[in-house]
Structures are given as C-alpha cells and as structure tokens.
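Me: I have a structure to look at. Can you walk me through parts of it?

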Amino acid sequence: KRQYYPEGQDLSLQYSLIGLPVKALIEEDRYSESNGSGVFASQNISNLRIQPALGPIYEAIRENDIILLNERHNRPQHRALLYSILDSLKALGINSVFLETLAYVNDDSLHHKENSIQSSGLYTRESVYNQVCHKLKRLNYNVYSYEIGPLNQIDTQRIGKKLYLVNKADDKWQPIETDSLILNKYFSKDDFIQREAEQAIHIYQKIIRNHIGKAFIYCGYSHLFKSNDFMAGLLQHLLRKPVFSIDQMYLNEHSDKKYENPLYIKFASTHSPFIITDSNNNIIHSMRHPIYKYVTDSLIDMAIGTPRTIYIHNRPTWLELGGDRIRCSLSKFIDVNKYQTDFLVTIYESEEYEKDKINAIPEDVFQVELHSKDYDVILTPNKKYRLFIIKDSQILIDKIISSNE
C-alpha cells in the first residue's frame, strides 16, 4: 500500500481496508492537530459526567425528521455504531437511509434487492461497512445515494418569476426553487464548497420526489456541520427546518494521547459509545469551527465518544458487531507457522464469491505480521467461506472453510 498511496489520510484508509487499524491510526495522526481540537466544554472538566449514547441517539431520532451521523472513513469502528442502530430505525419512523460513499444513481435503484450496495462505493468494501450493507438489505431499508454526479448536470431555469435548479439528465428531477445562498455555494469556484452544495441539493431532491418524511443520513467528516459552508447547513436551508447532527469524529482514540481530546482521555475507559453531559445534564457539543476557528455550539447537536479498542488475538472486539459475528482462530484453518513472512488473509462467503469472483467483497480481511502470535478471523455463524492466503499477489492457499469449525 505504501507504494501507491501518499502518507496521511489516503494511506490510513488503505490500511483500514486491509485490517490494520493500528497502522491506520498512526498514519492518520502523522498530520493531526495535537491535543484538544474539536469538542470543548466551558465547565470545569471535573463537573462533567458521561452516559451511554444509544438512549439519547434514539430520542433524537424520535424527535427529529432528518438525522445525520458521520464517520472518519479510515475508522471502521464508527460503522459499528451505525450497524447497531439499524435494528431500531424503523420503530422510530425511519425507512430511508442515505449513504454518502455511493456513486450517485438517478433512479434510486440501490435499495432494490438484486443490486449490490457495496459495489457502488469504496468504503462500503471494508469489512464492517460490508456488514452494514448486508443488514440494510436484510431489513429492507430504502437506500439512497447522493454523492456528486457527472459535472454540469444541474443548471438554473426561470419558471414564471422564480429561479429553479433543474437537471435535464434526470427525468425524475423535481425543479428546486433556489436563492442567492444556494446559487453562490453551488457555483462556487471552491471545489469543497461546491461539493457540499451539490450533496445537499441531491439529498433534498430525493426527499421531495420520494415524499420522505423522516430520513437518516450517514456521511463523512464535516459534511454534517450546520453552517452555510457545509452540506447539513445547506440542507436545512433547503428544507426550511432544522436537521439534527450527531458527530463521532472527535472523541476518539489516537495512536498517542498527545493527539487526543482531554475530554476523551478522561472518559474513554467506558466500554460503549458515550455522550458527555454537564452538571445540568446538557449534552456537551461545542466545537471549534474548522474554517473560522471560533468556538460554537451550532455546528453539531450531539458528540459521541467511542471507547478504546480492545484487541483479542490481534483483532478488535468491535468487529464482532455485538455478537452477530464470531471469532475463530486462524490456526484452526491453516498452519500459521508454515510461512516465515507477512501475508494477507482474505475470506469470502462461498456463495457470494462463486457468484461474482471479480466483485466479491471479503467478509474478513487482515494482514498477518510475522512474530505477532495468533490471529482470529471474524465471521458470521453457520456459513461456508472461501479462504485465501496471499503473498506478493500470489495465492498460497485456497480452501473452503466453515465458521462452525
């Protein structure tokens, strides 16, 4: 991976895709701001306390129509939270889920059962995201893409005395009445700001034409910030009502504590996602604006902390997804002492692999490093798999295994 990807965030993402979370953290932190960026608390830290995050998350979903949750693309642990809440979204009135990573599809066909969500994106090919996509299909959610499409598809057209956004390449497009804010952002010479506007417009378009009352939007990084330079802020401007933004980017572990938020360091010993509250039980959610650097509580509505990773046999426990996946020792399937070198393990569900060998996505993938003792594979119970051991693009082992062995 180091041969093809630059240092920093791009290489960190590639490490996460091949099951090297520690190396991913180290690479992410190579260019990180140190100590305390992100979430702030005006109160004395000793007066703060934490509580489990799921209850407040569900309450926010119950009380709001449009909810956003973000992730860092190189941190699969963030997707474990998304996976866990999918069981409850329908009971809270949500059947429509928007995923940023997917290539834009005009006809909204991604949620059709014959289509693969995973093959439409990049991060969806990571092991935990793959499980999220399977679960979305299994629970029959309507899945929508909203990432930017081909350039120059959206234009303006005057209808009567009002100006609208139109898209002649999309026969389902509903004209969107626009104003100076949206026009200035969409036609900005800044590619970042233009992308934020186009994402907001695509989400709004699919909400109005599909008559979606409540929606859950899963995005990356700062897209959920509620100011006029970001997607969530522009979306609530289009909707003419507030959206609810839940951040899980900043209260996280790092490769060294010098990169960690002091609030995180104080509370990270918990074993489940958490929120931090003040002495009056108000959720701490003030942040430094990433562009203008002032501290505000209007960018997000809730900040989620993720617990420190626990490793068993070199693999994170969050890969188990609350017990839906099980551990098996790699040594049950191969002689791990046979190869005195590093090698890559990729394991595919047999039926999926036989159906499409080129586009099949591994259920588990990780790099085995020499002298690192035993490794566990993380699989779904009661299934057959195709296990490959690969070194320098050469397949050393190709065998059928069962997760019940």
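This is a predicted model: local features need pLDDT of at least 70, side-chain atom pairs count only at pLDDT 80 or more; totals for chains, interfaces and linings use all residues.

Reply: Start with a term: two strands pair if DSSP finds at least two bridges between them. Strands (E, at least two residues) are DSSP runs, numbered from the N terminus. Tyr-348, for one, stands opposite Arg-386 in strand 21.

Me: Which strand pairs with strand 21 there, and over how many bridges?
Reply: Strand 18 (residues 343–349) pairs with strand 21 (residues 384–391). The sense is antiparallel, over 6 bridges.

Me: What sheet do 4 strands form?
Reply: An open one, in the order 19-18-21-22, with antiparallel pairing. Strand 19 (364–368) and strand 22 (394–402) are the edge strands, each pairing on one side only.

Me: New topic. Is strand 9 buried or exposed?
Reply: Mostly covered: 6 of its 6 residues (215–220) are buried. Buried means under 20% relative accessible area, exposed over 50%, partly exposed in between (1.4 Å probe, protein chains only).

Me: Which residues point which way?
Reply: Ala-215, Ile-217 and Cys-219 point one way from strand 9. Phe-216, Tyr-218 and Gly-220 point the other way.

Me: What runs parallel to strand 9?
Reply: Strand 3 (residues 66–71) does, joined by 6 bridges. Leu-68 stands opposite Ile-217. Strand 4 (residues 96–99) also pairs with strand 9 in the parallel sense, over 4 bridges. There, Val-97 stands opposite Phe-216.

Technical notes
Residues are numbered from 1 along each chain as its sequence is written. Side-chain values use heavy atoms; hydrogens and water are left out.
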